[in-house]
Amino acid sequence: MNKLNLDKQESEFLNKAVTHWEEEHLIDAEVAQNLRNSYEVKGFDWMRLAKYSFWIALICGAIAVGSLIINDVVINWLKNLYYTPDVVISILSAVMAAVSFFFGRRWEKKYPEKIFSNEAIIFTGVLFTACCIAFLGKTLDNGSGHFSLLFLLSVFVYGFLAWRMDSRLIWLFALVSLGSWFGTETGYQTRWSYYFLGMNYPLRFVLFGLVLVLSCFVLKKQKWMERFWELTYVVGLLYLFMSLWLLSIFGNLGSIDHWWHIRQISLFYWGIISAVVAGCFLLYGLKTRDVIAREFGITFLLIFIYTKYFEYFWDHTNKTLFFAILGASFWLIGRKAERIWNFKSRRNQPQEA
C-alpha cells in the first residue's frame with residue numbers, strides 16, 4: 001500500500017483526529033492503528049528544489065546569452081542578422097517553436113514525472129512563438145501603429161496551443177496577452193491619450209479584471225475550462241486587485257504631472273472603494289469557503305491599509321499608537337471570527353439524549 005505523504009502540520013492534525021475518534025469509541029484500536037500507518041511525514045521537498053533549480057537555470061541561460069552577445073564576433077554576426085528579412089526570422093522562429101512544442105509534448109508523455117524540465121522546453125516554445133508573431137507583425141506592418149492586433153493574435157495562438165497541449169503554462173501567456181491587447185487597443189482607439197471613455201489605465205483594468213472574474217463563474221461548468229479555471233480565476237483577481245491598488249494611489253488621473261500637483265487626501269474615496277471590494281471578497285471567501293477569494297481579500301485589504309498609512313499618517317502619527325490600533329482591530333476581528341467558529345462547532349455537535 002502506498003502511504004500518503006503529508007507535511008508535519010498535516011500529520012499532527014491527523015494524529016489528533018484519529019486519537020479523538022479512538023477516545024470517543026468511533027473507531028477501535030485496530031482501525032486507528034491502520035489509519036496511522038496509512039500516512040507518513042514527507043521528507044525534503046525535492047519538487048520545490050527542482051522547480052527553483054530550473055528557474056535559476058533559465059535565468060543563468062539568459063545571462064549567458066547576454067554575455068555571449070557582448071562578444072565582438074557575435075555583435076558582427078547580429079549586425080548581419082539585422083539585414084535578414086523579417087519574414088525569414090518569423091518562419092525560423094515558427095519552426096523552432098514547433099520543434100520545442102513537439103519534443104515538450106513528447107517528453108511529457110514519455111517522462112511525466114519530469115514536470116519542470118518539460119515545462120522549461122514548452123516555455124522555450126512560447127518564447128519562439130512570441131518572436132514569430134512579433135516579426136510577422138513587422139513583415140505585415142503598414143505604418144498604422146495598430147500593433148495591439150499582434151497581442152490579439154497571440155491570445156488565439158496561445159489559447160489554441162494551451163487547449164491542444166493541455167498546458168496551463170501556455171494558457172497563462174494567453175491571459176497575459178489578453179490583458180496586453182486590452183491595454184494597447186484602448187490606447188490605440190484614443191490615439192494614446194490619457195483616458196478611454198473617461199477612464200485611465202488602472203480604472204480600465206479594474207473593469208477588465210471584473211469581467212475576467214465573472215467570466216470564470218459563467219464558464220465554470222464548461223468541461224474545456226476545468227483544467228484552466230483556477231489559473232484564470234487567480235489571474236483575473238490579480239488584474240483586479242493590482243489595478244485597484246494603483247487606483248487607490250493615483251485615482252482616475254491620467255498623468256503623473258497632474259498627480260504631483262494635487263493633495264493625496266483628495267483621492268481618499270478610491271482607497272475606500274478598494275478596501276470595500278477587498279472586504280467583500282474576504283467575506284465571500286469566508287462564507288463560501290473560497291480559499292482564493294479569501295486570501296486575495298485579506299492580503300490586499302492589508303496592502304490597502306498600509307498604503308494609506310504611508311500616504312497619510314507616516315510623518316504625523318506615533319508609530320506605536322498606529323500599530324497598537326491596527327493590532328487591536330485585527331484582535332477584535334479574530335475574536336468575532338472565533339465566536340462564529342465556536343457557535344458553528346457547537347451547532348454541529350450531536351445532541352445528547
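Analyst: Let us begin with a definition: a salt bridge is a side-chain nitrogen of Lys or Arg within 4 Å of a carboxyl oxygen of Asp or Glu. By this rule the model, which is a predicted one, holds 3 salt bridges.

User: What makes E22 and R36 a salt bridge?

Analyst: The side chains of E22 and R36 come to 3.1 Å, taken from N to O, and the rule asks for a distance within 4 Å, so the pair qualifies. Because E22 belongs to helix α1 (residues 8-23) and R36 to helix α2 (residues 29-37), the bridge ties together parts that are 14 residues apart in sequence.

User: Why are E22 and R36 called partly exposed?

Analyst: The relative accessible area of E22 is 26%, and R36 has a relative accessibility of 24%. Buried would require a value under 20% and exposed a value over 50%, so residues in between are called partly exposed.

User: What makes D166 and R227 a salt bridge, and where in the chain do the two residues lie?

Analyst: The closest N and O atoms of D166 and R227 are 3.3 Å apart, and because the limit is 4 Å, the pair counts as a salt bridge. D166 is in the loop between α7 and α8, while R227 is in the loop between α9 (201-218) and α10, so that the bridge links distant parts of the chain, 61 residues apart. D166 is partly exposed at 38% relative accessibility, and R227 is partly exposed at 38% as well.

User: Which residue forms a salt bridge with R294?

Analyst: R294 pairs with E295, their closest N and O atoms being 3.0 Å apart. R294 is partly exposed, with a relative accessible area of 29%, and E295 is partly exposed with 37%.

User: Turning to the rings, why is the pair of Y158 and F173 called tilted?

Analyst: The structure holds 20 aromatic pairs. For Y158 and F173 the ring centres are 6.1 Å apart and the planes stand at 55°. Pairing needs centres within 6.5 Å, and an angle under 30 degrees would be stacked and one over 60 edge-to-face, so the pair is tilted. Y158 lies in helix α7 (residues 148-165) and F173 in helix α8 (residues 168-189), so this pair ties together parts that are 15 residues apart in sequence.

User: How do you know whether Y158 is buried or exposed?

Analyst: Y158 has a relative accessible area of 4%, and because the cut-off for buried is under 20%, Y158 counts as buried. F173, in contrast, is partly exposed at 22%.

Key: Residues are numbered from 1 along each chain as its sequence is written. This is a predicted model: local features need pLDDT of at least 70, side-chain atom pairs count only at pLDDT 80 or more; totals for chains, interfaces and linings use all residues. Side-chain values use heavy atoms; hydrogens and water are left out. Rings of Phe, Tyr and Trp (its six-membered ring) pair if their centres lie within 6.5 Å; planes under 30 degrees apart count as stacked, over 60 as edge-to-face and the rest as tilted. Helices (H or I, at least four residues) and strands (E, at least two) are DSSP runs, numbered from the N terminus. Buried means under 20% relative accessible area, exposed over 50%, partly exposed in between (1.4 Å probe, protein chains only).
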